[in-house]
Amino acid sequence: MVTIQELAQYTDTLLQADRFQDYCPNGLQVEGRETIREIVTGVTASQALLEAACLRKADAVLVHHGYFWKNEDPRITGIKRARLAMLLQNNINLLAYHLPLDMHPDIGNNAQLGRLLGIQSDGVLPAREQVACVSYGHLEPTPAEAFKARIDATLQRNCTHVDAGPDRITTVGWCTGAGQGFIEQAIDANLDAYVSGEISEPTTHMAREAKIHYFAAGHHATERYGVQALGQHLGQKFGLGHEFVDIDNPA
C-alpha cells in the first residue's frame, strides 16, 4: 500500500521524468483516491482499458500513452469527456510516462524489446534532436529472414520487412512506437538493420537507397513491454497488486 503522491514521486524519479521535453505531461495526469493497493497497466488509456480497470477495482491506471498531448484540442468533449468522466466518477488515478518510459535503460520500451529480440545492447545513438531515442546493438550473424521470423514470433505480428540490407544481420538499431523517422541515425551509424513500430511512406525508399534492412513491427506491439516491467517493479516495491491488460490494437 502506498499513497498516490508517493507512487508518482517515486516513479518520476525512477524514470527521470524531469529531464525530458516531451509531447505530453509525464507523471500523475488525473488524480483519484489517495491510497493505492491495485494498479492496472496498459499501453494506451483508452475507454476499453478504463473499463477493464473499473472491473478489476483498480486504484490507479498506469500507461505509456496518456492524455493532454501538445497541439490537441483542449476542450473536454466527446471521447475525452467520456474517458475523464470514467476516471473521475470511479476515483481512479491515471499516471502516464511517454519518452521517460521509452528510454529507461532497464525497464524502458527499447530495453525490453531489445532483450526480447535477443539483441545485445551497445548503448544509444547520439541524438539529432534533444533526446537520444535510438538504441543500438549486435547479434550473432543472423539471416534477415530468420530475424524477421524472430520478430514475428516474439510479437505475434507479421511485421513489414524492407529487405534491402546484407544477407546476414549483425548490427541493429531500434526505436519502439513511432520511431521510423530516426532511421537516418541507423544509416549514419552504418548499421545492418533498423526496427521501429510504425512505418511511413518515405521510410521504405530511404531503407532501399541506403541498403539497410527495415522492420516495422507495430506501434502497439513494440510498446507493450516497458509498462509491464514498470508495473511489476512498482508492485514488488510497494506490495501492490498489478495486472497488465492488453487491449488489442493491430496498429
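Author: Lys57 lies in the loop between α2 (47–55) and β5 (60–65). Helices (H or I, at least four residues) and strands (E, at least two) are DSSP runs, numbered from the N terminus. The model is predicted: local features need pLDDT of at least 70, side-chain atom pairs count only at pLDDT 80 or more, and totals for chains, interfaces and linings use all residues. Residues are numbered from 1 along each chain as its sequence is written, and side-chain values use heavy atoms, with hydrogens and water left out.

Reader: Why does Lys57 count as exposed?

Author: Exposed means over 50% relative accessible area, buried under 20%, and partly exposed in between (1.4 Å probe, protein chains only). Lys57 has 67% relative accessibility, so it counts as exposed. Its phi is positive, about 55 degrees, although Lys57 is not a glycine.

Reader: What makes Phe68 partly exposed?

Author: Its relative accessibility is 31%, so Phe68 falls in the middle class. Phe68 sits in the loop between β5 and α3 (78–89). It is not a glycine, yet its phi is positive, about 65 degrees.

Reader: Why are α1 and α10 called oblique to each other?

Author: Two packed helices are described by the angle between their axes and the distance between the axes. Here α1 (residues 4–14) and α10 (residues 225–238) have axes that come within 12 Å and cross at roughly 125 degrees. Axes are lines fitted to C-alpha atoms, for helices over the stretch in contact, and angles run from 0 to 180 degrees between N-to-C directions. Under 35 degrees counts as roughly parallel, over 145 as roughly antiparallel, 65 to 115 as roughly perpendicular, and the rest as oblique. The pair α1 and α10 is therefore oblique.

Reader: Which residues meet where α1 and α10 touch?

Author: Contact means heavy atoms within 4.5 Å. From α1 come Leu7, Tyr10, Thr11 and Leu14; from α10 come Leu230, His233, Leu234, Lys237 and Phe238. They divide into six nonpolar, two polar and one charged. Ala, Val, Leu, Ile, Met, Phe, Trp, Tyr, Cys and Pro count as nonpolar, Asp, Glu, Lys and Arg as charged, and the others, Gly among them, as polar.

Reader: What makes β2 and β13 edge strands?

Author: The open sheet of five strands has the order β2-β6-β5-β4-β13, with mixed pairing. β2 (27–30) and β13 (241–244) each pair on one side only. Two strands pair if DSSP finds at least two bridges between them. Between β2 and β6 (residues 93–96) there are three bridges, in the antiparallel sense. Val30 has Leu94 in β6 as its bridge partner.

Reader: How do you know that β12 pairs with β9?

Author: Three bridges join β9 (residues 160–162) to β12, and the two run antiparallel. His161 is the bridge partner of Phe215 in β12. β11 (residues 193–196) pairs with β12 too, in the parallel sense over four bridges. There Val195 stands opposite Phe215. Both faces of β12 (residues 213–216) are covered: His213 and Phe215 on one side, Tyr214 and Ala216 on the other, all buried.

Reader: Why does Asp152 count as buried?

Author: Its relative accessibility is 18%, so Asp152 counts as buried. Asp152 belongs to α6 (residues 144–155). Leaving aside neighbours within four places in sequence, Asp152 is in contact with Arg157, Asn158 and Cys159. Asp152 and Ala217 are 65 residues apart in sequence but 7.8 Å apart in space, C-alpha to C-alpha.
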